[in-house]
Amino acid sequence: MFEQFFYQEKGLFLQSLHPAAALTYLGVLLVLALIFTNPLYLLGLLLVVVLAIIAAQGMATWEVYFRLSLGMMVLVIIINPLVVHAGETIIWWGPRLPVFGPLTVSLEAICYGAAMSVRLLTIISVFCLYNLIIHPDKALSLLARLASRSALVLSLATRMFPAMMRQLENIREVQVMRGVDFNAGTLKERLPKYASLINILLLSSLEDSLEIAEAMQARAFGSGRRTCYRRDTWRPRDSLCLGGSILALVVAFYGQLTGASTFIYYPQLSYLLNSRMTIILLIIMLLALSVPVFMSWGWRRCLYFKARI
Amino acid sequence: MSLFQSENLIYYYPDRERPALKDINLRIEEGEFLLVIGGSGSGKSTLARVLAGLIPDFYGGRFGGRVYFQRRDIREIDRRQLAREVGIVFQDPEKQLVMTSVEAEIAFGLENLGLTPAEMSRRVAEVLHFLDLTEVKQEFTAQLSGGQKQKLALAAVLAMQPRVLVCDEPTSQLDPVAAEEFLNLAKRLNEEMGLTIILIEQRLERCFHLADRLVYMDDGQIIYEGTPAQFARWAAPKEIPFIPPVARFFAGTGFSSIPVTVKEGRRLLRSNFNIIQETPGEPVWLKTSGAASGKQRVIKGNPKEPVLSMSKVWFAYPNGKEALQDVSMQIAVGELVAVLGANGAGKSTLLKTMAGLLKLGRGRMLVKGRDPGKNGNRPGDGRIAYLSQNPNDYLFQDTVEEELLFTLNNFGLPDDGVVDELLAKLGLEPCRRVNPRDLSGGERQRVALASILVTRPALLLLDEPTRGMDYRLKDELGALLTALCKEGAGVVLVTHDVEFAAAYATRVLVMAAGRVVADGPKHQVLGESVFYSTQIGKMCRGYVDGVLTLPEALARLTPVQPARQAVSG
């Protein structure tokens with residue numbers, strides 16, 4: 001039921017990236033989405049992320065994410081102008097409200113809200129991309145080198161989750177057959193019924209956890225220094241992906257420091273294209289970030305290319 | 001030199017008055033295949049944990065005597081060193097896998113041993129290949145079947161390259177095909193790789209002949225040590241149930257040599273036994289059917305009225321899989337129906353559909369003449385009881401009694417003495433005020449059963465009730481279900497256990513790919529089937545047909561020379 005929200009091995013190019021390269025790429029996308037306010041740059045980022053999702057054959061999954069974020073986006077666009085009064089171009093005067101003061105809607109605030117909703121969608125899409133291309137074990141193995149115990153706990157939790165969902169469903173069925181009607185009664189009456197479901201699950205899980213601990217002990221867990229099993233290989237594609245990500249990051253910082261990529265909303269909107277650098281930097285950044293997408297495209301179509309990277 | 005040697009081993013679990021093991025003096029030789037048998041609570045699993053170094057390290061408790069591994073006291077061996085030498089595979093594959101993916105799971109133990117990356121890669125690759133898991137190496141462990149999971153647990157242990165492999169009822173959660181595969185692997189490891197195997201098992205039909213030596217335990221003590229054949233000869237006259245049916249048959253007839261496999265049994269049968277001719281008109285099985293009954297069935301209620309009838313029932317899961325296809329059947333009062341079939345054949349779906357937990361796609365189902373989906377009847381209105389695979393799903397009250405009252409209250413039924421009656425009937429009277437989570441596995445199942453029988457259901461549905469049970473518990477369950485049938489209930493149980501079905505069912509259904517492919521009285525269905533047959537059935541096939549269980553075989557066959565019994569004893 002929730003399968004599409006979990007990683008599925010499809011043998012794609014993007015899934016074959018080294019976790020360090022893939023995580024850096026996703027990290028740069030996330031950071032850039034957070035530092036930019038310029039609508040052109042935000043839209044550009046969104047475009048790259050969506051292209052990468054297409055390359056990861058994840059459009060069907062993304063649609064679900066998109067539908068979920070749509071509501072939040074609309075909310076941001078509506079609420080922002082109502083509570084922010086920094087804009088000067090007032091396009092609608094409303095009644096005076098007790099706490100908020102005079103209700104005014106400015107063009108600047110609407111634009112800012114719109115840009116923020118694009119940022120929100122971009123960030124959610126980056127997480128969608130993460131689920132599509134990074135095997136949780138790979139991310140964990142990277143983490144394991146830094147914090148092995150936390151990584152193990154996370155791994156156990158990921159492994160137990162589907163089994164626990166199944167178990168919860170079994171317990172629910174059993175309770176139904178014992179005369180518990182989960183649909184009847186008020187919320188207050190229904191809550192204890194669900195509480196006992198969780199109670200049973202907890203009791204059984206506690207018993208099971210002892211057995212898992214025993215199995216881990218039998219396999220020498222905690223008997224001394226651990227080593228780390230690696231099966232990731234660093235290929236030219238990973239260097240290219242990493243290079244692209246770093247280049248994009250450098251360009252972005254340069255743009256922000258020189259002001260070429262900044263955009264001011266309040267009190268009045270600034271020019272969208274205030275210099276030629278704005279466009280040049282944008283194009284460099286987008287190309288750098290699209291390196292994995294280009295490689296994925298070439299990898300599927302050109303055998304020679306496939307063999308070289 | 002023995003690999004393992006124990007001297008006067010005695011062990012108490014923490015806070016227990018009775019020892020779980022006492023006076024254990026055991027030698028295990030290098031390269032041996034040792035089978036450890038005994039009932040639930042006989043101390044088999046405890047012994048396995050001692051040999052794997054988990055007792056007393058992991059469990060605590062009081063430990064006396066000595067255990068040597070390669071002449072060194074096992075308690076002085078470094079844990080990492082011992083884990084390299086002795087590996088253990090546990091009962092439930094769900095509860096011994098740690099990582100999310102197959103490859104990482106195998107590497108887990110190697111990481112713990114602190115091996116170099118190069119060494120790990122080599123061992124992981126070897127083990128994946130040897131156990132034929134290469135295809136699934138990228139998979140999530142959650143996606144694997146039960147058999148594959150257990151094979152993965154074995155792979156994870158084998159990668160650590162132990163000299164000894166301890167298996168604690170490794171097949172109890174598996175279907176027969178996967179169980180067979182696992183046991184054959186164990187045999188191969190023993191024969192080809194020279195591993196010492198210590199196997200603890202309940203289902204002896206499959207593994208009795210694999211062992212070089214056998215240890216029989218009861219109440220924490222070793223009662224008998226010897227080869228399987230010697231044990232069969234020793235145990236059979238004492239009515240100890242821990243020998244396969246074929247051996248029990250030959251011992252029961254007083255035959256001089258006791259075979260332990262179907263192949264030997266067939267050979268001896270043909271040359272040494274006569275068939276007793278049936279009395280005309282009455283097939284012999286009518287006289288011996290039902291193992292527990294014996295007499296003519298007395299059934300209350302109208303036997304003609306079906307408890308449940310299904311006609312042309314279809315069911316499809318949201319992913320499009322048609323798990324039930326055109327299923328029609330009637331379950332009559334007093335019938336005990338066993339549903340057999342491979343994994344994924346739709347057995348559990350059938351059971352859940354009968355329980356009303358799944359809505360029919362097409363078709364009609366009537367329970368006692370009423371449609372459970374109509375008139376606001378909701379699933380579980382008390383006329384149908386359902387026992388899931390895991391009795392722990394039922395237990396959450398503070399006492400056993402409260403578990404029973406919980407169901408009664410939910411249905412708004414009065415306690416008209418039904419609680420006392422059931423507690424007595426299921427032998428739960430002594431633990432009435434005990435927390436159900438403190439009980440053993442067999443008792444937990446009986447509490448779960450009691451908690452659904454309080455409504456006096458007309459139809460009882462059970463999903464693999466004999467999983468992980470020993471012979472004694474199975475017999476108790478069989479007798480109980482037979483008694484319920486006599487009182488006028490219908491019972492449907494899904495099982496992989498053909499022996500159990502043959503002993504207690506009145507009717508057998510075989511399912512495959514969502515369809516019912518065979519349905520009829522058990523002698524007809526199991527007698528005709530080559531694969532879904534009992535060990536006795538397989539032995540008698542082609543020589544004397546229609547024989548499935550031990551009492552039937554004893555009634556139909558007699559040794560040519562009964563006098564030999566006295567000579568060779």
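This is a predicted model: local features need pLDDT of at least 70, side-chain atom pairs count only at pLDDT 80 or more; totals for chains, interfaces and linings use all residues.
In chain B, 6 strands form an open sheet of mixed pairing, arranged in the order β16-β17-β18-β14-β19-β20. Its edge strands are β16 (384-387) and β20 (515-521) of chain B, each of which pairs on one side only, and the twist averages 15° from one strand to the next. Strand β16(B) runs parallel to β17 (residues 459-463) of chain B, to which 4 bridges join it, and within this pair A385(B) stands opposite L460(B).

Helices also pack against these strands. Helix α11 (residues 347-355) of chain B packs on the sheet, where it touches β14 (336-341), β16, β17, β18 (490-494) and β19 (507-512) of chain B, and its direction makes about 150° with that of β17(B). Helix α14 (residues 441-453) of chain B lies across β16 and β17 of chain B and runs at about 165° to β16(B).

L460(B), the residue opposite A385(B), is also, together with L481(B), one of the residues with the most contacts inside the largest nonpolar core, which has 90 residues. A second, separate core has 60 residues, including L115(B), L204(B), A232(B) and I258(B). Leaving aside neighbours within four places in sequence, L481(B) is in contact with L336(B), L460(B), L462(B), V491(B), L493(B) and F500(B).

Elsewhere in chain B, β4 (residues 62-69) takes part in the two antiparallel pairings listed here.

| Strand pair | Bridges | Residues standing opposite |
|---|---|---|
| β1(B) (residues 4-12) and β4(B) (residues 62-69) | 7 bridges | F4(B) and F69(B) |
| β4(B) and β5(B) (residues 72-73) | 2 bridges | Y68(B) and D73(B) |

The hairpin of β4(B) and β5(B) has 2 residues between its strands, and Q70(B) takes a positive phi near 50° there.

The side chain of T141(B) reaches the backbone oxygen of M99(B) at 3.3 Å. Leaving aside neighbours within four places in sequence, the contacts of T141(B) are with L97(B), M99(B), T100(B), S101(B), V102(B), K149(B) and L152(B), and with R159(A) of chain A.

Key. Residues are numbered from 1 along each chain as its sequence is written. Chains are lettered from A and ligands numbered from 1 in the order in which they are written. Side-chain values use heavy atoms; hydrogens and water are left out. A polar contact is a pair of N or O atoms within 3.5 Å; within protein, one must be able to donate a hydrogen and the other to accept it, and residues adjacent in sequence count only if both atoms are side-chain atoms. Contact means heavy atoms within 4.5 Å. A nonpolar core is a set of buried Ala, Val, Leu, Ile, Met, Phe, Trp, Tyr and Cys residues joined through side-chain atoms within 4.5 Å. Buried means under 20% relative accessible area, exposed over 50%, partly exposed in between (1.4 Å probe, protein chains only). Two strands pair if DSSP finds at least two bridges between them. Axes are lines fitted to C-alpha atoms, for helices over the stretch in contact, and angles run from 0 to 180 degrees between N-to-C directions.
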